[in-house]
Amino acid sequence: MTPQEREDVRARLETFATEVFSGFARTDQRRWGERYVRGLLTDRRRKSMEPMAARLGVDRQGLQQFCTDAPWSHRLVLAEPAWRMEAAIRPVAWVIDDVSFVKDGDESPGVARQYCGALGKTGPGETDGDLAVQDDDSVARETRQDLRRQE
């Protein structure tokens, strides 16, 4: 990548982050959001806080607090790209599905005795909800883990 291409990408990323994090009340949250996204998009393998903070030249603790302690809603962050994708894809179908996984033991989050499609019967498993927006060429997907309580 040339320096000019890198600057163009950075400007586009800053615009994207500004729009995605626009619902945040505080400017420092929007700034940390942009930094976090930039860290995730680097070409390096390690995406944990310390390596990302070092590559970005920012305080690791601030980056960590943005992800773990800040009172922001992940749904607010996901909403903006979802609306953009719907407009870009112009879906021909919305696909709603449950995805189940057989699990041994009961220590993993979401594992409960429930109907598990992978087993074809009731047993220990995990179920995730899957929503996909699809056109003729592409799919945008959102998956949520069902964290029901074990009774």
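Guide: Let us begin with glutamate 14, which has a relative accessible area of 33% and is therefore partly exposed; the term covers values between buried, under 20%, and exposed, over 50%, with a 1.4 Å probe and protein chains only. This is a predicted model, in which local features need pLDDT of at least 70, side-chain atom pairs count only at pLDDT 80 or more, and totals for chains, interfaces and linings use all residues. Residues are numbered from 1 along each chain as its sequence is written, and side-chain values use heavy atoms, leaving out hydrogens and water.

The side chain of glutamate 14 meets that of arginine 10 in a salt bridge, at 3.2 Å from N to O (a side-chain nitrogen of Lys or Arg within 4 Å of a carboxyl oxygen of Asp or Glu). Both glutamate 14 and arginine 10 belong to helix α1, where they stand four residues apart, about one turn of the helix (helices, H or I with at least four residues, and strands, E with at least two, are DSSP runs numbered from the N terminus). Arginine 10 is likewise partly exposed, its relative accessible area being 34%.

By the salt-bridge rule, the count comes to four. Another of them joins the side chains of arginine 26 and aspartate 28, with 2.7 Å from N to O. Arginine 26, at 45% relative accessibility, counts as partly exposed, and aspartate 28 counts as partly exposed at 23%.

From the charged residues we may turn to the aromatic rings. The structure holds four aromatic pairs (rings of Phe, Tyr and Trp, the last by its six-membered ring, with centres within 6.5 Å; planes under 30 degrees apart are stacked, over 60 edge-to-face, the rest tilted). One of these is the tilted pair of phenylalanine 21 and phenylalanine 24, with 5.2 Å from centre to centre and 50° between the planes. Phenylalanine 21 and phenylalanine 24 are both buried. Phenylalanine 21 also pairs with phenylalanine 66: the ring centres are 6.3 Å apart and the planes stand at 85°, so this pair is edge-to-face. Because phenylalanine 21 lies in the loop between α1 (3-20) and α2 (27-40), and phenylalanine 66 in helix α4 (residues 60-68), the pair ties together parts that are 45 residues apart in sequence. Phenylalanine 66 is buried, as is phenylalanine 21. Ring pairs link Phe21, Phe24, Tyr36 and Phe66 into a cluster.

After α3 comes glycine 57, which has a positive phi near 70°. Valine 58 touches Trp32, Arg35 and Ala53, leaving aside residues up to four places away in sequence (contact means heavy atoms within 4.5 Å).

The strands complete this tour. Strand β2 (residues 112-116) pairs with β3 in the antiparallel sense over five bridges (pairing requires at least two DSSP bridges). Glutamine 114 has glycine 123 of β3 as its bridge partner. Four residues lie between the strands of this hairpin of β2 and β3, in which glycine 120 takes a positive phi near 80°.

Lysine 103 lies in the loop between β1 (93-102) and β2, and glutamate 126 in strand β3, so the pair ties together parts that are 23 residues apart in sequence. Lysine 103 is partly exposed, with a relative accessible area of 26%, whereas glutamate 126 counts as buried at 8% relative accessibility. Aspartate 130 is found in strand β3 (residues 121-134). Its relative accessible area of 9% makes aspartate 130 buried. The C-alpha atom of aspartate 130 is separated by 36 Å from that of aspartate 59, which is 71 residues away along the chain.
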